[in-house]
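Student: I am new to this structure and should like to be guided through it by questions. May we begin?

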Amino acid sequence: MMKNFFAWLQIVRFPNVFTIVADALTAGALTYYLRDFPVVLAVAFTIASVGAICLYWSGMILNDAYDAEEDAALRVNRPIPSGRISRKTAFRVGWGLWVGGLALCLTGGVTGFLNGTGISAVFFVSAILLAVCIWLYDAEFKNTPVGPFLMGMCRGLNILMLLSFRPMSELAASPLLLYPLALTIYITGVTFYARGETEEAPEVGIHRPGVVATLFSLLLMAGGIALLVPFPSWLESWMPGSVTALFVMEPWRWVILISVLALWLVFRAFSAYFQGPLRVRIMVKLALFTVFLLDAGLVAVVGGIPAAMMILACFAIASVIGRWVYST
């Protein structure tokens, strides 16, 4: 029974779910510190966040279900090819979570809307598009050039949905939209880079990307992070007094923080590429966990230190669990 439980932890990439929790904490903190946050809004937000987790897990499970034949040739220890989870069961659970996750997201949105909390129509559009992108990525486009862009959109739409608990006019004019855009570009780059973690297998159509393709993925990763450089200054201009004094009086601190993070990540990723697929796999995990640092940094910008500490706690928990359960 424990083997089966561990197999489910593997197939959903359990450590990674804490990045979704961190995204929810970030969106919640940015909403809480920048506008009124009544109890009914907190309830609606929590329901939508649980839905986002279910959608994430559905994407992970369906990913393995659709890739079962490829995994049987290249990754025989994965839950489905090893026989610990049947492909049929994976499809049932995956699609069940997909339907349930979308239903929870929409329920959260309707709850907020009916109680007059000013939820944006962007919320409902984002929730539906998120579910559609998960389906398209897993079932149709994963191994095509479109695949990484769909994966990036999944992450960006997730954070956009959770940021949409505010009026449309307010959201459209705010610098908050920088984050879902930055995360979309960043995760697209990480997904392109992750194609280098698999050994060459021409017999099943798997080819390791070349140096040029790798450089393109690193450019996207660095570009996504770099988009966040003007976030504190734009936020302060949009809503004076919303940014903690540390980043208003000495804005160079944020610029240095973001620049060092981007340069360090790109250097490590480029070096890992030449060390082989195993090192790339480790680097992909590190790149995914960098989301924790971005989330904590954004929350710290608005003075949300308690939420930032919770995000860093998620980072620590994911890192510990990640020693036993793979993330990619």
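Predicted model: local features only at pLDDT ≥ 70, side-chain atom pairs only at ≥ 80, totals over all residues.

Student: How many of the residues of α14 are buried?

Tutor: Helix α14 has 25 residues, and its end C-alpha atoms are 36 Å apart, in agreement with the span of 36 Å at 1.5 Å a residue. This helix is mostly covered, and the buried residues number 18 of its 25.

Student: Is Leu 293 buried, partly exposed or exposed?

Tutor: Leu 293 is found in helix α14. Buried would require under 20% relative accessible area and exposed over 50%. Because its relative accessibility is 35%, Leu 293 counts as partly exposed.

Student: Which helix gives the largest share of the nonpolar patch?

Tutor: Leu 293, Ile 305, Met 309 and Leu 312 make a nonpolar surface patch of about 350 Å². Three residues form the largest share of this patch, and they come from helix α15 (residues 305–321).

Student: How many residues apart are Lys 142 and Asp 67?

Tutor: The structure holds five salt bridges, and in one of them the side chains of Lys 142 and Asp 67 meet at 2.2 Å, N to O. Lys 142 is in the loop between α6 (121–141) and α7 (147–163), whereas Asp 67 is in the loop between α3 (39–66) and α4 (68–74). The pair therefore links distant parts of the chain, being 75 residues apart.

Student: Are Lys 142 and Asp 67 buried or exposed?

Tutor: The limit for a buried residue is under 20% relative accessible area. Lys 142 has a value of 17%, and Asp 67 has a value of 7%. Both Lys 142 and Asp 67 are therefore buried.

Student: What is the relative accessibility of Arg 166?

Tutor: The side chain of Arg 166 meets that of Glu 170 in a salt bridge of 2.6 Å, N to O. Glu 170 counts as partly exposed at 22% relative accessibility. Arg 166 counts as buried, and its relative accessibility is 0%.

Student: What phi does Arg 13 have?

Tutor: Most residues other than glycine have a negative phi. Arg 13 is found in the loop between α1 (2–11) and α2 (17–34), and it is buried, with a relative accessible area of 4%. Although Arg 13 is not a glycine, its phi is positive, at about 50 degrees.

Key. Residues numbered from 1 in each chain as written. Heavy atoms only, no water. Patch = residues over 30% accessible without salt bridge, like charges linked within 9 Å, V, L, I, M, F, W, Y side chains within 5 Å. Areas by Shrake-Rupley, 256 points an atom, 1.4 Å probe, with all protein chains shown as cover. Salt bridge = Lys/Arg side-chain N within 4 Å of Asp/Glu carboxyl O. Helix = DSSP H or I, 4+ residues; strand = E, 2+ residues; numbered from the N terminus. Buried < 20%, exposed > 50% of the residue type's maximum accessible area, 1.4 Å probe, protein only. Expected span 1.5 Å × (residues − 1).
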